[in-house]
Amino acid sequence: MYYVGLLGLGTVGRGTFEILSDPAGRNPLLSEMIVKKIGVRSIEKHRALQLNQQVLTQDLDSIVSDPEISIVVELLGGLEPARSLILKAIKAGKHVVTANKAVIARYREEIYAAAQEKGVYVLIEGAVGGGIPIIKPLKQSLGSNRIQSIIGIVNGTTNYILTQMSENGADFADVLTKAQQLGYAEANPSSDVDGLDAADKISILASLGFGGHIKREDVYSEGIRNITATDINYARRLGYVIKLLAIARGNAGEDSDRLELRVHPTLVPQSHPLASINGVNNAILVEGDPLGQVMFYGPGAGSGPTASAVVSDIMNIVAILKSHGTGATLDPLLSRTHQHYCQITPIEEIESSFYTRLITLDRPGAIGQIGTCFGENNVSLQSLVQIGLEANQAELVVVSHNVKEQFFRQALESIKQLEAIKSISSVIRVLD
Ligand code: HSE
């Protein structure tokens, strides 16, 4: 029998416990695991749960130091005490399974160095994409490829919100509350809606795909708070949907050791594979040489799906322990160990096409002046549509050709100075 210690009994913790307590019809290895202890902040809060209350403890350290426990499953979320407990578990020679993207995105190097020294595994399938297998494919199944790009919808909450806004014209705040009730959202909604959770996830995927350390603070992130029903409607009329994309892209040619790494709302052509990913689902499109494109799709958040990934990690460890013996020193096999930090291209230097919506006074010469500001900053336009508003005002929806972000921003700065401009209502990048 293999003893497992769970840290945390929140949404994913409960899902994990449910799978482990109901092994019938699943892989027989699940019957060889016993959840010995579950660490919680308050035992009182879990009194009503149907489980042997003896396994609950508020002493989290007693789990990571229990000599009988060989696998510690960290599902507390947040940075501390999660990071310290993971490190203590490793130092005590335990294998660790975690779904904690925030900790892994920031302390991966420290945690993996400690794990390598002790010869234990740290598996993180639940950290990205909920129930979608993406970590193991990037580490192993796609390992023979040169990865060119990883583009994902990796936050279920924001995808759910954008889908509801788009399908029902629903209001941002109401949909966020619903997502929280459904157990998709992080305790602090900023992490989802400001793109921080997606930035954690893409930094983990990029590190695996491109084989280098990523400094989490190098990931540019912008969330969906400013996305309005108006932009969703105009985007639809132009042939796009708006999605929060997490993008990691290698640069070919001279800058081949540089990566683009960013999270932002994006206009995605309706014909693109990521355009039809709706609700809480996630999808990750990986492009590699010689593979071409492969897309991983499925439920990206929630109790059951994330627990499915967590339990499969526990199972993989048990399978290895069974074949090597519990005392064996394991090589964290097939996970690339990195020596260098990836250079990240600053967002100002990245080329994109841009959508922008401007409110102007509807008077002679206004469009000409705006066109001049774009032209003087090397911004070439794909389309410009004027929609009449009330009271002598007009709304202009402009889509540019690909241009370095700094030039587009400079053009907007000079447009802002024009007397005819009332406001620049939105600026959204377009996926090429
Ligand atoms: N809050 C996250 C999401 C949960 O919405 O995707 C999974 O990491």
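Guide: Contact here means heavy atoms within 4.5 Å. The model is predicted.

Visitor: Which residues is Ile-38 in contact with, leaving aside neighbours within four places in sequence?
Guide: Start with the place of Ile-38, which is strand E2, residues 33–39. Neighbours within four places in sequence are left aside. The contacts of Ile-38 are then Leu-6, Gly-8, Leu-9, Phe-17, Leu-51, Val-55, Leu-56, Thr-57 and Ile-63.

Visitor: Is Ile-38 buried or exposed?
Guide: The cut-off for buried is under 20% relative accessible area. Ile-38 has 0% relative accessibility, so it counts as buried.

Visitor: What distance separates the C-alpha atoms of Ile-38 and Asp-59?
Guide: Along the chain, the two residues are 21 residues apart.

Visitor: Which two residues touch the most other members of the largest nonpolar core?
Guide: In soluble globular proteins, nonpolar side chains tend to be buried together. The largest nonpolar core here has 81 residues. Its largest share, 8 residues, comes from H9. The two residues that touch the most other members are Ile-150 and Leu-205.

Visitor: How many residues are in the other core, the one with Leu-9 and Leu-56?
Guide: This core lies apart from the largest one. Leu-29 and Leu-30 are also among its residues. Its size is 34 residues.

Visitor: How are H3 and H4 oriented to each other?
Guide: Two packed helices are described by the angle between their axes and the distance between the axes. For helix H3 (residues 82–91) and H4, the axes are 9 Å apart and the angle is about 10 degrees. Angles under 35 degrees count as roughly parallel. That makes H3, relative to H4, roughly parallel.

Visitor: How many charged residues are in the contact of H3 with H4?
Guide: H3 brings Arg-83 and Lys-91 to the contact, among others, and H4 brings residues including Glu-110 and Lys-118. The nonpolar residues number 9, and there are no polar ones. The charged count is 4.

Visitor: How do H6 and H10 lie to each other?
Guide: Helix H6 (residues 156–168) and helix H10 (residues 229–238) have axes that come within 10 Å. These axes cross at roughly 75 degrees. The range 65 to 115 degrees counts as roughly perpendicular. H6 and H10 are therefore roughly perpendicular.

Visitor: Which H10 residues do Leu-162, Met-165 and Ser-166 in H6 meet?
Guide: The residues of this contact divide into 4 nonpolar, 1 polar and 1 charged. On the H10 side they are Ala-229, Ile-232 and Arg-236.

Visitor: How far apart in sequence are the parts that Asp-197 and Lys-101 tie together?
Guide: Side chains of opposite charge can pair when their charged atoms come close. Asp-197 and Lys-101 form a salt bridge, with the closest N and O atoms 3.4 Å apart, and both are buried. Asp-197 lies in helix H9 (residues 196–210) and Lys-101 in helix H4 (residues 101–118), so the parts tied together are apart in sequence by 96 residues.

Visitor: Which residue forms a salt bridge with Glu-349?
Guide: Glu-349 is partly exposed, with a relative accessible area of 35%. It sits in the loop between strand E13 (343–344) and strand E14 (351–361). Its partner is in strand E10, 91 residues apart from it. At 3.3 Å between the closest N and O atoms, that partner is Arg-258.

Visitor: What is the count of salt bridges?
Guide: One of them pairs Glu-80 with Arg-83, the closest N and O atoms being 2.8 Å apart. Glu-80 has 44% relative accessibility and counts as partly exposed. The count of salt bridges comes to 26.

Note on methods
Residues are numbered from 1 along each chain as its sequence is written. This is a predicted model: local features need pLDDT of at least 70, side-chain atom pairs count only at pLDDT 80 or more; totals for chains, interfaces and linings use all residues. Side-chain values use heavy atoms; hydrogens and water are left out. Helices (H or I, at least four residues) and strands (E, at least two) are DSSP runs, numbered from the N terminus. Buried means under 20% relative accessible area, exposed over 50%, partly exposed in between (1.4 Å probe, protein chains only). Axes are lines fitted to C-alpha atoms, for helices over the stretch in contact, and angles run from 0 to 180 degrees between N-to-C directions. Angles under 35 degrees count as roughly parallel, over 145 as roughly antiparallel, 65 to 115 as roughly perpendicular and the rest as oblique. Ala, Val, Leu, Ile, Met, Phe, Trp, Tyr, Cys and Pro count as nonpolar, Asp, Glu, Lys and Arg as charged, and the others, Gly among them, as polar. A salt bridge is a side-chain nitrogen of Lys or Arg within 4 Å of a carboxyl oxygen of Asp or Glu. A nonpolar core is a set of buried Ala, Val, Leu, Ile, Met, Phe, Trp, Tyr and Cys residues joined through side-chain atoms within 4.5 Å.
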